[in-house]
Each structure stands twice: as structure tokens, then as C-alpha cells.
Amino acid sequence: MVDNSILKKIEIFCNFRERCETEVVQRLKKENISSKNAKEYLKKLKNDKFYCDTRYTSAFVRSKFNLSKWGKNKIRLKLLQKKIEDSIIKKETDKIEHNIYAETIKELVEKKLRKIKNKTDFEKKQLVSRYLYSKGYEPEKFISIINKNF
């Protein structure tokens, strides 16, 4: 049975920003909704387009790449933690243009190299590689870019 006051709360929660199913389920648990009733709420909210994993993934990928400068690996792992299907993740991360992706890596390499002082070339390469790896970039994409700087 769907309680309209709780439904309204969840609708407001979903309207604040894009949400994925996992976030909506967590919010329903916070409202002490049983898992049986949660399915009814989820069905109603999904039918009324209050949440959509594809829309959520698209917004997440754009914001994390454009604003936080995350690489595809880190974006993928964070979305998998939210239980987003791998096929949706792949489709959305593939929308990142290759030349913009490479340009972002180049900018991050140059920015990191400017910050590193009093280190050998080998140490600089190591630090930049670790930095890019932690940001979620693929080694096969950034190693050649790093090597061009030395």
C-alpha cells in the first residue's frame, strides 16, 4: 500500500537531483518502508519517471568527468557500487569523446608536473602515473602522454 505523504517526500527527494534506484531504495529504508511495500513505491516512481538509472548514469558521468576530472575506471567503479548495470555504464562512458579525454589527461599531467619540485625524472613519472591511476585513468592511455613530457 502506497502512503501518499511518504510518496510525496520521495518525489521531492527525486526531484532535487537525478537519483538511481539504489538511492531511492536507501531513502525508502530511511522512511521505514518494508521491502514488499518498497517495490510498490519503486514501481510507481519509475512509471512516473521520478528516477531512471540511465539518466542518473549520464549525469554522473558528465559531472565526474567534466568537474572532478575522473577517469573512466573510477567512474565505472563508483557506479557499480550504486548497482548500475555495466551495459549502461559502458554506453555512457563511451560518450566521452576520445580527443577530449586525451586532452584532459594531458592537462592533468602538466598540472601535476608543475607542482612536483626537486625530484628526478623517474620519481616525477611515478608520481604522475600514481596520480592519474588514482583518478581512474587507464595506464595505456596516459603512459605515452607522460613520456612525451620527458
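This is a predicted model: local features need pLDDT of at least 70, side-chain atom pairs count only at pLDDT 80 or more; totals for chains, interfaces and linings use all residues.
Residues are numbered from 1 along each chain as its sequence is written, and side-chain values use heavy atoms, with hydrogens and water left out.

Q: How are helix 1 and helix 3 set relative to each other?
A: Helices here are DSSP runs (H or I, at least four residues), numbered from the N terminus. The axes of helix 1 (residues 4–16) and helix 3 (residues 35–47) come within 11 Å and cross at roughly 50°; axes are lines fitted to C-alpha atoms over the stretch in contact, and angles run from 0 to 180 degrees between N-to-C directions. Under 35 degrees counts as roughly parallel, over 145 as roughly antiparallel, 65 to 115 as roughly perpendicular and the rest as oblique. So helix 1 and helix 3 are oblique.

Q: Which residues of helix 3 make the contact with helix 1?
A: Contact means heavy atoms within 4.5 Å. Helix 1 brings Ile-6, Leu-7, Ile-10 and Glu-11, and its partners in helix 3 are Tyr-41, Lys-44 and Leu-45.

Q: How many nonpolar residues are in the contact of helix 7 with helix 9?
A: From helix 7 come Tyr-101, Ala-102, Ile-105, Lys-106 and Val-109, meeting Lys-141, Phe-142, Ile-145 and Ile-146 of helix 9. Ala, Val, Leu, Ile, Met, Phe, Trp, Tyr, Cys and Pro count as nonpolar, Asp, Glu, Lys and Arg as charged, and the others, Gly among them, as polar. That contact has two charged residues, no polar ones, and a nonpolar count of seven.

Q: At what angle do the axes of helix 4 and helix 5 cross?
A: Tyr-56, Thr-57, Phe-60, Val-61, Lys-64 and Phe-65 of helix 4 touch Ile-75, Lys-78 and Leu-79 of helix 5. The axes of helix 4 and helix 5 (residues 72–81) come within 10 Å, and the crossing angle is roughly 145°.

Q: Which helix gives the largest share of the lining of the largest pocket?
A: Ser-58, Val-61, Arg-62, Phe-65, Asn-66, Glu-92, Lys-95, Ile-96, Glu-97 and Ile-100 line this pocket. A pocket is an open set of points on a 1 Å grid over the protein atoms alone, where a 1.4 Å probe fits, with protein on both sides within 12 Å along at least five of seven lines; lining residues have an atom within 4 Å of a point. By class, the lining has four nonpolar, two polar and four charged residues. The largest share, five residues, comes from helix 4 (residues 53–66).

Technical notes:
Helices (H or I, at least four residues) and strands (E, at least two) are DSSP runs, numbered from the N terminus.
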